[in-house]
Amino acid sequence: MTADPLDRVFSALADPTRRDMVARLTEGDATVGELAEPYAVSLQAVSKHLRVLEDAGLVSRSREAQRRPVHLEAEVLDLMTAWIERHRRRAEERYRRLDDVLRDLPDDVDPTPPPPGDEP
């Protein structure tokens, strides 16, 4: 079963190490060794993280002489941005409608419900 591209991207970024790697790659391409420097894990572990990011389409690797720099495919982040923005707008619309309903309520209504047993 092939996962939805958005599922793969969110899943890949669910791990803090992978999010940190993506954040570092926003500053420029880096080799696996350069990406591994701040972590107390093996190069193999970093390569596994990169493989997940590659499978999600977030990074790619190229070859430059002896180097194999990892490159951030930033346009994939647009998938997430569009999804988040669509749901943020929906939530804001709901809050605006709630504000309108609350604004139209009369001011003399007691907001506290009567205690049980005192109800008319």
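**Exercise 1.** Which residues does L50 touch, not counting residues up to four places away in sequence?

*Solution.* The structure is a predicted model, in which local features need pLDDT of at least 70, side-chain atom pairs count only at pLDDT 80 or more, and totals for chains, interfaces and linings use all residues. Residues are numbered from 1 along each chain as its sequence is written, and side-chain values use heavy atoms, with hydrogens and water left out.
- Step 1: take contact as heavy atoms within 4.5 Å.
- Step 2: leaving out residues up to four places away in sequence, L50 touches M21, V32, L35, V59, R61 and V70.

**Exercise 2.** State which residues of α2 are buried and how they are arranged around the helix.

*Solution.*
- Step 1: buried means under 20% relative accessible area, with a 1.4 Å probe and protein chains only.
- Step 2: in α2, the buried residues are R18, M21, V22 and L25.
- Step 3: viewed down the axis of α2, these residues fall within an arc of 100 degrees (taken from the directions from the helix axis to the C-beta atoms), so they line one face of the helix.
- Step 4: they pack against α1, α3, α4, β1 (59-61) and β2.

**Exercise 3.** Describe how α1 and α5 pack.

*Solution.*
- Step 1: the axes of α1 (residues 5-12) and α5 (residues 77-104) are 10 Å apart, at an angle of about 100 degrees.
- Step 2: angles of 65 to 115 degrees count as roughly perpendicular, which makes α1 roughly perpendicular to α5.
- Step 3: P5, L6, V9 and F10 in α1 meet L79, M80, W83 and I84 in α5.

Key
Axes fitted to C-alpha atoms, helices over the stretch in contact; angles between N-to-C directions. Helix = DSSP H or I, 4+ residues; strand = E, 2+ residues; numbered from the N terminus. Parallel < 35°, antiparallel > 145°, perpendicular 65-115°, else oblique. Buried < 20%, exposed > 50% of the residue type's maximum accessible area, 1.4 Å probe, protein only.
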